[in-house]
Amino acid sequence: MNATTTTSPRPRLPAKLLLLAAALTAAVGFLVWTGTQGATVYYHTVGEVRAMDSEAFYRLIRVNGIVADGSIQTSADGNVINFDLQDDSGRLPVEYRGTPPDLFGYSAEDRYQEVIVEGQLEPSGAFRARSLIVKHGPEFEPREIPAQ
Amino acid sequence: MRQARTTELPPPRRLGALREPANAALYVALLLSMGLAIFMAFVVAPAERVQAEVYRILFVHVPSAWLAFAAFGVVAVGSVMFLIRGKSHWDRLAHASAEIGVLFTTLCLVTGSIWGRSVWGVWWQWDPRLTTTLIMWFIYVSYLALRSYIDDPDARRRMSSVLGIVGVVSVPIVWFSVEWWRSLHPTPSITNPGGGMPPEMLTTLLVSVAAFTVFYVVLVRQRMQLELAVTELGSLRERLHERNEDSA
Amino acid sequence: MTNDLLYLFIGFSAVWVGVFGYLVYVTGRVRSVRDELHDLRGQLDAPQAGPKASSH
């Protein structure tokens, strides 16, 4: 049965194929290029946002940092949350309206407090977040069973 | 015109695939390893400190990702071998593996999205790992689309082989995306010095990966069988058609 | 973590339905294609009144 083992002649590359390969290479290249350019990073550090100053006003950006210990303040009606975002490069007051993810504010040990906020920097220096994402690192621990 | 069927042919094999010893052994291995993986994922692995139960999605999410990578690696190997040797079974391997790789990538995206909703608070983010994974998914979906568009078998095999080789570039890009760029997605827990998990979780994860690997092998074999049968069906139909025209 | 168990259930179900569903689908297709192959072979091998059939 010739269907099982067909020996084909040496392939000749058709133009359509080269076009496809070129498009694919361009897509991958674009991806690498944008990834290495600072302009399109997924998030900024607190220091970068501070350095942008007025350039960052009212632009939608993401900032990554640790929620500073004890800085979380929830309004009486529970709709507004204020906290400080902190990293090696500085500290940024954040105001978030809405329901935070379940894991927000879980730990006071700095480890699980890393968040990414998306929103705008205001001239007052405060960051108005419209979304709040809790980051989770690669570390997993068993739930501790209290010793008897 | 209805022809009487000859009786000397063996009857259609109802459970044919299961009767061959190699297949039977594979299916036994599949059931055992899958059973063990599920047992370990829900009983042996402890609840996690922060995420409690939902982290167990890891035990299907990580194997899905791993097998998607492996499957696309096999696509590249099959494509290279086809271009060198010109034997159609290498092309069949690449085709089967691409389809299963797309399946696992889809499952990886779905399970990741569910975990993200629970832990991050969002279903989707244009984070480098998620974005590159989606691009990888598109590359292999277009690989399958390309195959279905080209009617000439030789052209189809050659062109998809080239795409199967070029496309595998996406695998290391997806893998290293969390190290190269700022991302939301966690870095690998096993190979990363910053990460880690207790031994019960790690063992469970490795058993799950092994079980999914067996599943992958079963799926690839079955998919290649299908392709072989479909090809044979096509040529038989052609012969029958020719003969009917001759006799007309 | 209100919906945790629900998410976990959906995640595992999606994967199991996905892989087992695919296996069942492919196995079923293999079976039906083989059945059809068997029928066609029968037709090809059947003696024909017309010109001599091509050898099988």
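These exercises, each with a worked solution, concern a predicted model.

**Exercise 1. State how confident the prediction is for chain A, and where pLDDT stays under 50.**

Solution. The average pLDDT of chain A is 76, and 73% of the residues score at least 70. The stretch with pLDDT under 50 is residues 1-8 of chain A. For that stretch the model has 15 contacts beyond four places in sequence. Where pLDDT is low, the predicted coordinates should not be read in detail.

**Exercise 2. Check whether the length of helix 1 of chain C agrees with its number of residues, and list the buried positions in this helix.**

Solution. Helix 1 of chain C covers residues 4-45, and these are 42 residues. The expected span takes 1.5 Å times one less than the number of residues. At 1.5 Å a residue, the helix should therefore span 62 Å. Its end C-alpha atoms are 61 Å apart, which agrees.

The buried residues of helix 1 of chain C are C:Y7, C:L8, C:G11, C:V15, C:V19, C:V26, C:T27, C:V30, C:R34 and C:Q43.

**Exercise 3. Describe the contact between chain C and chain B, then the packing of helix 4 of chain B on helix 1 of chain C.**

Solution. First, the chains: 37 residues from chain C and 42 residues from chain B take part. The side of chain C that touches chain B has 20 nonpolar, 10 polar and 7 charged residues.

Second, the helix pair. Helix 4 (residues 88-119) of chain B packs with helix 1 of chain C at an angle of about 175 degrees, the axes being 9 Å apart. Angles over 145 degrees count as roughly antiparallel, so the two helices are roughly antiparallel to each other.

Third, the residues. Helix 4 of chain B contributes B:L103, B:L107, B:V110, B:T111, B:I114, B:W115, B:R117 and B:S118. From helix 1 of chain C come C:D4, C:Y7, C:I10, C:G11, C:A14, C:V15, C:G18 and C:Y22. By class, this helix contact has 10 nonpolar, 4 polar and 2 charged residues. C:Y7, C:G11 and C:V15 are among the buried residues of helix 1 of chain C.

**Exercise 4. Decide whether B:H89 is buried, exposed or partly exposed.**

Solution. B:H89 lies in helix 4 of chain B. Count the other C-beta atoms within 10 Å: there are 17. A buried residue needs 20 or more, and an exposed one has 12 or fewer. B:H89 is therefore partly exposed.

**Exercise 5. Find the relative direction of helix 5 and helix 6 of chain B.**

Solution. The axes of helix 5 (residues 128-149) and helix 6 (residues 153-167) of chain B come within 9 Å and cross at roughly 175 degrees. The two helices are therefore roughly antiparallel. Their contact has 6 nonpolar, 3 polar and 2 charged residues.

Conventions. Residues are numbered from 1 along each chain as its sequence is written. Chains are lettered from A and ligands numbered from 1 in the order in which they are written. This is a predicted model: local features need pLDDT of at least 70, side-chain atom pairs count only at pLDDT 80 or more; totals for chains, interfaces and linings use all residues. Two residues are in contact if their C-beta atoms, placed from the backbone, lie within 7 Å. Ala, Val, Leu, Ile, Met, Phe, Trp, Tyr, Cys and Pro count as nonpolar, Asp, Glu, Lys and Arg as charged, and the others, Gly among them, as polar. Axes are lines fitted to C-alpha atoms, for helices over the stretch in contact, and angles run from 0 to 180 degrees between N-to-C directions. Helices (H or I, at least four residues) and strands (E, at least two) are DSSP runs, numbered from the N terminus. Angles under 35 degrees count as roughly parallel, over 145 as roughly antiparallel, 65 to 115 as roughly perpendicular and the rest as oblique. pLDDT is the predictor's confidence in each residue, from 0 to 100.
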